[in-house]
Amino acid sequence: MDKILIIDDDEELCELVSEYLTVEGFDISCVNDGASGLESALSGDYDMVILDVMLPKMNGFDVLRNLREQSKLPVIMLTARGDDMERIVGLEIGADDYLPKPFNPRELAARLRAILRRTAVEDGDPEASEKLDIDGIQISPASRIATCDGRELNLTSVEFELLLELLKEAGKIVKKEDLSENVLERKLSPYDRSLDMHISNLRKKLGERVDGTERIKTIRSVGYIYTLV
Amino acid sequence: MKLFLKIFLWFLAAVSLMVFVLMFVTRTFQTEPMVNRFERSTRNQLTIYGGTASQIVKAEGEDGLKTFLTRLKDLEPPRQVSLVSNDGKVFFGDPVDAPEVGELTTRTMASGQVETDFNSEERTVGASPVNFPDGRRMVLVFQWERQAPPSLFWGSNTALIRLGGILLVAVVLCYLLAMYLTSPIRKLRGVTNELADGNLETRVSPRLGRRRDEIGDLARDFDVMAGRIEGLIKSQQRLNRDISHELRSPLARLNVALEIAKQKSNPDTMPIFQRIEGESDRLNEMISRLLTLSKLETGADDVDRVRLDFAELVRDVAADADFEAQAKGKHVEVSSADSCPVIGSENLLRSAVENVLRNAVRYTPERTVVDVSLTKENGHAILKISDHGGGVPEDELPNLFRPFYRVGEARERKTGGTGLGLAIAERAVKAHKGTITARNYNGGLQVEIGINTAKKGDA
């Protein structure tokens with residue numbers, strides 16, 4: 001059973017989510033403040049963390065920042081709805097996904113499963129896909145290591161998957177719909193900008209080519225393309 | 001006209017007028033006695049000259065008289081001296097031509113007394129009788145060049161310097177006075193602008209020093225007002241944060257509890273749970289929109305402005321809206337989209353366009369099209385979004401952008417929506433110093449958004 005850590009100061013909410021997710025087949029533990037949340041997350045006992053932004057003692061961003069220094073444990077952030085800054089900051093620091101609060105627990109369960117499935121594929125089946133070496137980028141789905149011109153890229157699991165998908169189809173347009181379904185494992189909904197956000201983070205981490213051209217181009221309202229020279 | 005210039009010019013005019021009136025009055029009152037004195041002394045002089053001439057002609061004869069008259073002629077100021085006999089002939093000296101001189105001579109001849117004429121423009125004339133020992137009577141006529149009283153300001157250098165000095169002092173004084181009156185007002189205005197721009201901590205008093213007059217009072221009152229506004233806005237911002245947290249926490253719990261209840265429910269209760277879920281979503285949507293709105297109203301301080309192509313943004317949002325509209329059998333079509341570079345917050349602009357567009361999609365009937373057109377006209381990006389939803393009564397148009405405003409019977413609650421979309425759009429557009437208007441057009445409502453396009457070189 002997958003062990004999930006919830007870091008949220010709302011005890012009642014924690015109880016309810018635990019109850020719901022337990023029925024859905026997860027093993028849930030709750031912690032109510034940031035400092036002990038970070039400690040538990042670093043203990044290595046958990047497969048995944050659900051992290052609220054507003055926390056006593058240490059806020060969610062600081063917890064995530066500290067966690068990312070040592071661990072690639074998948075993290076879903078709970079942000080205040082409508083607060084774009086929180087969302088952007090969260091994804092930039094390295095959250096794998098975010099969910100605006102109040103959230104639909106079905107959605108939460110679906111996203112947990114999506115992220116866990118991804119990590120499971122990577123851990124369990126090294127033969128699932130072979131290494132790719134394109135345009136100075138080496139990406140190894142088995143070891144989950146991606147390097148660009150010899151420099152190791154510190155990618156979140158969503159960014160890693162996005163890069164992999166784009167490189168598999170390098171030189172061809174990858175539709176937003178497909179990316180959303182294959183990587184985020186949900187249907188693309190109108191007005192949802194999270195894919196754009198992940199791509200923009202990925203672009204920043206990859207950097208431009210030596211000659212100044214963008215590696216990933218946006219094809220407006222269709223999708224993205226990894227350009228080949 | 002600027003207040004400074006007004007005060008300056010008015011005071012300068014007043015001071016100048018006062019100076020000139022004063023001069024005029026003084027001059028009038030001072031010249032009168034001077035003229036009288038001059039006339040009296042002229043008469044006395046003439047009487048003496050006449051008497052002396054009579055005595056000399058008696059003692060020394062006509063030659064002595066001529067010597068005396070020649071001596072008189074050489075005196076200052078220059079004059080003409082003539083001795084006229086009773087038949088009008090000039091016995092000695094300069095010719096007598098002017099008619100008024102002739103008349104004066106006749107008068108003296110008749111009266112045997114000194115006569116004067118000060119009225120002539122060109123000269124002052126005086127006549128005095130001279131009695132000869134043989135009984136003849138002649139008239140001694142003096143003609144002086146008319147001596148104008150010295151001008152106060154014109155004519156000489158000293159007078160000009162005097163005039164310049166007075167004007168200079170007046171200008172300097174008026175300038176200082178106008179500065180004294182307007183500079184605190186200018187400072188007050190600067191602070192008002194700062195406050196309006198969202199700098200709530202700004203105050204006037206430190207810049208004005210300790211003034212005890214009405215302007216000082218105004219400044220203090222302004223500071224009190226600014227303090228209250230700051231308090232109100234801060235508490236509203238605090239309230240917004242609290243609402244966001246406190247209202248959403250129970251809502252989050254409600255959502256989870258509802259889902260648990262659904263896990264345990266039977267098919268009979270399912271519809272009602274779904275209903276609860278729908279209402280909860282709606283409540284949530286309203287809270288977030290209310291928050292967006294109040295954030296926009298309390299000054300968009302966290303707006304990060306970038307250069308972006310408005311056309312691209314509009315096409316993006318239109319594509320999303322079309323996707324959504326197709327599910328309801330409606331369409332969104334972009335009929336034109338000129339490239340319009342603008343400086344602004346992508347999020348705010350997106351939410352403005354999205355809110356207007358979703359509103360249009362909501363009210364346009366099935367199988368109709370919402371038309372989107374973006375054109376560039378004299379430095380403005382003009383976005384027009386038109387639906388076919390029948391429009392709204394003319395007198396309700398301006399109210400459309402008010403929060404929670406609903407138009408009479410035509411657009412009822414059942415059509416969904418929170419009543420905040422257009423209000424948010426308006427605030428977002430205003431935050432970009434743009435305009436947003438609504439009008440009835442072609443059997444529907446047309447909302448027009450105008451935003452200044454960026455010039456080359458803008459950041």
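## Chain B: overall composition

Of the 459 residues in chain B, 27% are buried, a residue being called buried if 20 or more other C-beta atoms lie within 10 Å of its own, exposed if 12 or fewer, and partly exposed in between, with C-beta atoms placed from the backbone. The structure is a predicted model, in which local features need pLDDT of at least 70, side-chain atom pairs count only at pLDDT 80 or more, and totals for chains, interfaces and linings use all residues. Residues are numbered from 1 along each chain as its sequence is written, while chains are lettered from A and ligands numbered from 1 in the order in which they are written.

Chain B has a mean pLDDT of 83, with 93% of its residues at 70 or more; pLDDT is the predictor's confidence in each residue, from 0 to 100. For the complex, the predictor gives an ipTM of 0.71 and a pTM of 0.58. Chain B contains nine helices and twelve strands, where helices (H or I, at least four residues) and strands (E, at least two) are DSSP runs numbered from the N terminus. Among its contacts between residues at least 6 apart in sequence, 64% join residues at least 24 apart; two residues are in contact if their C-beta atoms, placed from the backbone, lie within 7 Å.

## The five-stranded sheet of chain B

An open antiparallel sheet in chain B is built from five strands in the order S2-S1-S5-S4-S3; two strands pair if DSSP finds at least two bridges between them. Strands S2 (90–93) and S3 (115–117) of chain B are at the edges with a single partner strand each, so one side of each has no neighbour in the sheet. On average, neighbouring strands of this sheet are turned by 20 degrees against each other, direction ignored. Axes here are lines fitted to C-alpha atoms, for helices over the stretch in contact, and angles run from 0 to 180 degrees between N-to-C directions.

Within the sheet, strand S1 (residues 79–84) and strand S5 (residues 137–145) of chain B are joined by six bridges in the antiparallel sense. B:Gln80 has B:Gln143 as its bridge partner in S5(B). Helix H1 (residues 3–73) of chain B packs on the sheet and touches S1, S2, S3, strand S4 (123–131) and S5 of chain B, its direction making about 50 degrees with that of S4(B). Helix H2 (residues 99–111) of chain B lies across S1, S3, S4 and S5 of chain B and runs at about 30 degrees to S4(B).

Helix H6 (residues 270–297) of chain B comprises 28 residues and reaches 41 Å from first to last C-alpha, close to the 40 Å expected at 1.5 Å a residue; the expected span is 1.5 Å times one less than the number of residues. Its buried residues include B:Asn284, B:Arg289, B:Leu293 and B:Leu296. The buried residues of H6(B) pack against helix H5 (214–264) and helix H9 (421–430) of chain B.

B:Arg307 belongs to strand S6 (residues 306–309) of chain B. B:Arg307 is exposed, with 11 other C-beta atoms within 10 Å. Its C-alpha atom is separated by 8.5 Å from that of B:Ser345, 38 residues apart along the chain.

## Chain A: composition and strands

Chain A has eight helices and twelve strands, and buried residues make up 37% of its 229 residues. Of the contacts in chain A with a separation of 6 or more, 55% come from residues 24 or more positions apart. In strand S4 (residues 75–80) of chain A, six of the six residues are buried, so the strand is largely enclosed by the rest of the structure. Both faces of S4(A) are covered, with A:Val75, A:Met77 and A:Thr79 on one side and A:Ile76, A:Leu78 and A:Ala80 on the other. Strand S3 (residues 48–52) of chain A runs parallel to S4(A) and is joined to it by four bridges; A:Asp52 has A:Leu78 as its bridge partner in S4(A).

A separate paragraph concerns another sheet. Three strands of chain A form an open antiparallel sheet in the order S10-S12-S11. Its edge strands, S10 (173–175) and S11 (216–219) of chain A, each pair on one side only.

## The contact between the chains

In the complex, 24 residues of chain A are in contact with 27 residues of chain B. Helix H1 (11–23), helix H4 (84–93) and helix H5 (105–124) of chain A each supply at least two residues of the side that touches chain B. H1(A) gives the most, with seven residues. By class, this side of chain A has 13 nonpolar, three polar and eight charged residues; Ala, Val, Leu, Ile, Met, Phe, Trp, Tyr, Cys and Pro count as nonpolar, Asp, Glu, Lys and Arg as charged, and the others, Gly among them, as polar.
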